[in-house]
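Here are my notes for you to read alongside the model. Keep the 3D view open and click on each residue as it comes up.

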Amino acid sequence: MMYYFSKTLNTTFENALDLVIEALKTEGFGVLTQINIKDTLKKKIDVDFRKYVILGACNPQFAHQALESEDKIGVLLPCNVILQELPNGEVEVAAVDPITSMSSVQNEKLGTIAQQVQQKLKNVIKQL
């Protein structure tokens, strides 16, 4: 089962990051966290790693609906979107599929929310 959807961009990593953040905004998402894996691994364990960033994206309306429907759903929030530099210099952008990540939770209300969030994240990827 595919747990993400992705797109490869032929641009700089920095430009791709800006494009993703802007596309998330157009779909009602804010970025709550931005984890720079390259810098973190270098600092914590002195490992050189490719450019790799994890964005914790949140759409407040859908997050609120999900939390009202299932109080422990916060363990699956926010929606992660990654950017990673590929060996050829291109940048892959991938977003979690919320339907897959929430499939283990037996709550019909969440299914509807997950479908709506999935469509918005697919729209983000399509915009790139």
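1. Let's start with Lys120, which is partly exposed at 23% relative accessibility. (On this scale, buried means under 20% relative accessible area, exposed means over 50%, and partly exposed is in between, using a 1.4 Å probe and protein chains only.) Its side chain meets that of Glu27 in a salt bridge, 3.5 Å from N to O; the term means a side-chain nitrogen of Lys or Arg within 4 Å of a carboxyl oxygen of Asp or Glu. Lys120 sits in helix H5 (residues 108–127) and Glu27 in the loop between H1 and strand E2 (30–36), so this pair ties together parts that are 93 residues apart in sequence. Glu27 counts as buried, at 13% relative accessibility.

2. A word on what you're looking at. This is a predicted model, where local features need pLDDT of at least 70, side-chain atom pairs count only at pLDDT 80 or more, and totals for chains, interfaces and linings use all residues. Residues are numbered from 1 along each chain as its sequence is written, and side-chain values use heavy atoms, with hydrogens and water left out. Helices (H or I, at least four residues) and strands (E, at least two) are DSSP runs, numbered from the N terminus.

3. How many salt bridges are there by this rule? The count comes to 5. One of them joins the side chains of Lys51 and Glu14, at 3.2 Å from N to O. Lys51 is in the loop between helix H2 (37–45) and strand E3 (52–58), while Glu14 is in helix H1 (residues 13–26), so parts 37 residues apart in sequence are tied together. Lys51 is partly exposed, with a relative accessible area of 28%, and Glu14 is also partly exposed, at 46%.

4. Now try Lys72 and Asp71, whose side chains meet in a salt bridge at 2.9 Å, N to O. Both Lys72 and Asp71 are exposed. Elsewhere, a network of salt bridges links Lys42, Asp46 and Asp48. As background, side chains of opposite charge can pair when their charged atoms come close.

5. Back in helix H5 you'll find Gln118. Is Gln118 buried or exposed? Gln118 is buried, with a relative accessible area of 14%. Leaving aside residues up to four places away in sequence, Gln118 touches Phe5, Asp97, Pro98 and Ile99; contact here means heavy atoms within 4.5 Å.

6. Next, the nonpolar cores, meaning sets of buried Ala, Val, Leu, Ile, Met, Phe, Trp, Tyr and Cys residues joined through side-chain atoms within 4.5 Å. The largest has 30 residues, and Val20, Leu24, Leu55, Val81, Leu83, Val93 and Leu121 touch the most other members. Strand E1 (4–9), H1, E3, helix H3 (60–69), strand E4 (79–85), strand E5 (91–96) and H5 each supply at least two residues of this core. H5 gives the most, with 7 residues. Another core, of 5 residues, lies apart from the largest one and includes Ile37, Tyr52, Ile82 and Ala94.

7. Take a look at E5. Of its 6 residues, 5 are buried, so E5 is largely enclosed by the rest of the structure. E1 and E5 run antiparallel and are joined by 6 bridges (two strands pair if DSSP finds at least two bridges between them). In that region, Leu9 stands opposite Val91 in E5. E4 also pairs with E5 in the antiparallel sense, over 5 bridges, and Gln84 has Glu92 in E5 as its bridge partner. The hairpin of E4 and E5 has 5 residues between the strands, and Gly89 there takes a positive phi near 95 degrees.

8. On a 1 Å grid over the protein atoms alone, a cavity is a set of points where a 1.4 Å probe fits but cannot get out, and a pocket is an open set with protein on both sides within 12 Å along at least five of seven lines; lining residues have an atom within 4 Å of a point. Grid points are joined across faces, edges and corners, and a volume is the space filled by probe spheres set on the points. The largest pocket has a volume of about 160 Å³, and E5 gives the largest share of its lining, 3 residues. There is 1 cavity of 30 Å³ or more. The largest cavity holds about 100 Å³ of space, and among its 14 lining residues, Phe62, Ala63, Leu77, Cys79 and Val117 lie nearest its centre.
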